[in-house]
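Trainee: I would like to learn how to read a structure like this one. Could you take me through it feature by feature?

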Amino acid sequence: VLFPLAVDRILFVDADQIVRTDLKELRDFDLEGAPYGYTPFCDSRREMDGYRFWKSGYWASHLGGRKYHISALYVVDLKKFRKIAAGDRLRGQYQGLSQDPNSFSNLDQDLPNNMIHQVPIKSLPQEWLWCETWCDEASKKKAKTIDLCNNPMTKEPKLKAAVRIVQEWQDYDQEIKQLYNKFMEEKENGSIHIGHTIASQGGTDHTSHIEL
C-alpha cells in the first residue's frame, strides 16, 4: 500500500504549475463516483487545432466523443480507487503497453485516458488547469492553476514562458534566488546546521547539531 489506509484523497500538482486558489476546493470536489478527476485539454486556442492529436486517429476512435485529459493536475479518491481495484487494472494495461516502446508517447497521461472505459475519469471544470498552448487568453482570468505545458508550435523554453505568462513569476523567482544565495553563503561560511531536540529520561532537553 503506497498511501496509508486512513488517507481518503490525494492531489497531484505538476512541478511547473502555479496555483492561484485554495486546493481544499479540489480535495472536496464531487467526483460523482469516479475514482479520480482530471482536467480535459482546452479546445479554445484555435490556432493549435492542427496539434490536437486526440481529435483524430486512434484517440478519436477510442474516446468515442469523450474528452482527452491532461495529467498535470488530478485528484484521486483512494477509497473508490481501491474498491474497484483500479490500480490492478492500470498495472495490467501498463505491463502490456510497456513492452512496446512505440505504444504511447506520454504514458502517465495516455494510460488513464486509454483506460477510460474500465476506470472512469471525472472531468474537472476547465478553470482548474489553464495552459497557454491550448487555452485562449479570455479564459486565463478564471484560471485556478496555470500549467507551463510545452508548446509544439513555438517550442519556447518553460522558464522564458513563465516570465511572460505568469505575472507573479518574477516575485517567486526572486524569492528562490535569494534563498539559494543565502544557502550558498552560509555553506561557504560553514554556518549551516541542522538542529533537533531530544527529550532525555530525566526530562531535560538536549539539542544536537550537524554542521554541513
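Mentor: Let us start with Cys-42 and Cys-135, whose sulfur atoms lie 1.9 Å apart and form a disulfide, a term used for a pair of cysteine sulfur atoms within 2.5 Å. Please keep in mind that this is a predicted model, in which local features need pLDDT of at least 70 and side-chain atom pairs count only at pLDDT 80 or more, while totals for chains, interfaces and linings use all residues. Residues are numbered from 1 along each chain as its sequence is written, and side-chain values use heavy atoms, with hydrogens and water left out.

Trainee: How many disulfides does the structure hold?

Mentor: It holds 2 disulfides, and one of them joins Cys-131 to Cys-149, with 1.5 Å from S to S. With the bonded cysteines numbered in sequence order, the pairing is 1-3, 2-4.

Trainee: Is β3 largely enclosed or open?

Mentor: A residue is called buried under 20% relative accessible area, exposed over 50%, and partly exposed in between (1.4 Å probe, protein chains only). In β3, 5 of the 5 residues are buried, so this strand is largely enclosed by the rest of the structure.

Trainee: Which strands pair with β3?

Mentor: Two strands pair if DSSP finds at least two bridges between them. β3 runs antiparallel to β4 (residues 69-77), joined by 5 bridges, with Thr-39 having Ile-70 as its bridge partner in β4. β3 also pairs with β5 in the parallel sense over 3 bridges, and there the partner of Gly-37 is Lys-122.

Trainee: How should I read a pair of aromatic rings?

Mentor: Such a pair is described by the distance of the centres and the angle of the planes. Rings of Phe, Tyr and Trp (its six-membered ring) pair if their centres lie within 6.5 Å, and planes under 30 degrees apart count as stacked, over 60 as edge-to-face and the rest as tilted. The count here comes to 13 aromatic pairs. For Tyr-36 and Tyr-38 the centres are 5.2 Å apart and the planes at 90°, so the pair is edge-to-face.

Definitions and conventions
Helices (H or I, at least four residues) and strands (E, at least two) are DSSP runs, numbered from the N terminus.
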